[in-house]
Amino acid sequence: MSLSYCYNCGKFTGGKPLFCGNCGRSYDVKLCPRLHQNPRGAEVCSQCGSRELSTPQPKIPMSWRLLALLARLGLGLLLFYASLSLVIALLGFSRSSPRQSYPQHCPQRPDPLGTPLAIRDVARLIGCSAWTVRQSYIPQGLPHLRSGPSGKLIFYREQVVRWILERQQKGRQRI
Ligand SMILES: [Zn+2]
Ligand SMILES: [Zn+2]
């Protein structure tokens, strides 16, 4: 014995019925009073011309429609986030591209080391005394050059700044 499931009310009707035994909807066709079968889109019975066509059950269960709605919402959200990240990526690209695509603006490539500094300048840059730079930062690995036998210390601005930033980041990671 077969059962027909009604997507409208969620009840089973035994056998091969034309209408749901609970809510009275037809299953996947529109039926006129003489039970001629017409497609879902029909307005008038194609065989007898009757306009009294039955209401077919929904194509999918109500719960499925809810799921489909949620899925569409989820997809919309996903698309929203995808486009948002695309916009952010584009913004990041446009911010960094002028430097890359217009090298003629800076014909002299910037020295990656930066300008050379004396120990006093480094102390001013870091905000401490020259003594601290010599006794504390250099032993900790502050990049520097020792020029000639006199041992004059030379630092490069970018190198020093990079070193300080790296140290700060490491310190933050340790916390
Ligand atoms: Zn029903
Ligand atoms: Zn008919």
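What share of the 175 residues in the protein is buried? I started my notes there, and buried residues come to 10%. A reminder to myself: this is a predicted model.

**Overall layout**

Next I went through the secondary structure, which comes to four helices and seven strands. Reading along the sequence, I wrote down the pattern β-β-β-β-α-β-α-α-β-β-α. I also looked up the contacts with a separation of 6 or more, and 33% of them join residues 24 or more positions apart.

**The sheet**

I then turned to an open sheet of three strands, whose order is E5-E7-E6 with antiparallel pairing. Strand E5 (116-117) and strand E6 (145-147) are the edge strands; each has a single partner strand, so one side of each lacks a neighbour in the sheet. I followed E5 to its partner E7 (residues 152-156), and the two pair in the antiparallel sense over two bridges. For Leu 117 I found the bridge partner in E7 to be Phe 155.

**The helix pair**

My last stop was helix H2 (residues 119-126) with helix H3 (residues 130-137). Their axes come within 8 Å and cross at roughly 90 degrees. The two helices are therefore roughly perpendicular to each other. On the H2 side, I listed Ile 119, Arg 120, Val 122, Ala 123 and Ile 126 as making the contact. From H3, the contact takes in Ala 130, Thr 132, Val 133, Arg 134 and Tyr 137. Sorting the contact of H2 with H3 by class, I noted seven nonpolar, one polar and two charged residues.

Notes
Residues numbered from 1 in each chain as written. Chains lettered and ligands numbered in written order. Predicted model: local features only at pLDDT ≥ 70, side-chain atom pairs only at ≥ 80, totals over all residues. Pairing = 2+ DSSP bridges. Axes fitted to C-alpha atoms, helices over the stretch in contact; angles between N-to-C directions. Parallel < 35°, antiparallel > 145°, perpendicular 65-115°, else oblique. Contact = placed C-beta atoms within 7 Å. Nonpolar A, V, L, I, M, F, W, Y, C, P; charged D, E, K, R; others polar. Buried ≥ 20, exposed ≤ 12 C-beta atoms within 10 Å, placed from the backbone.
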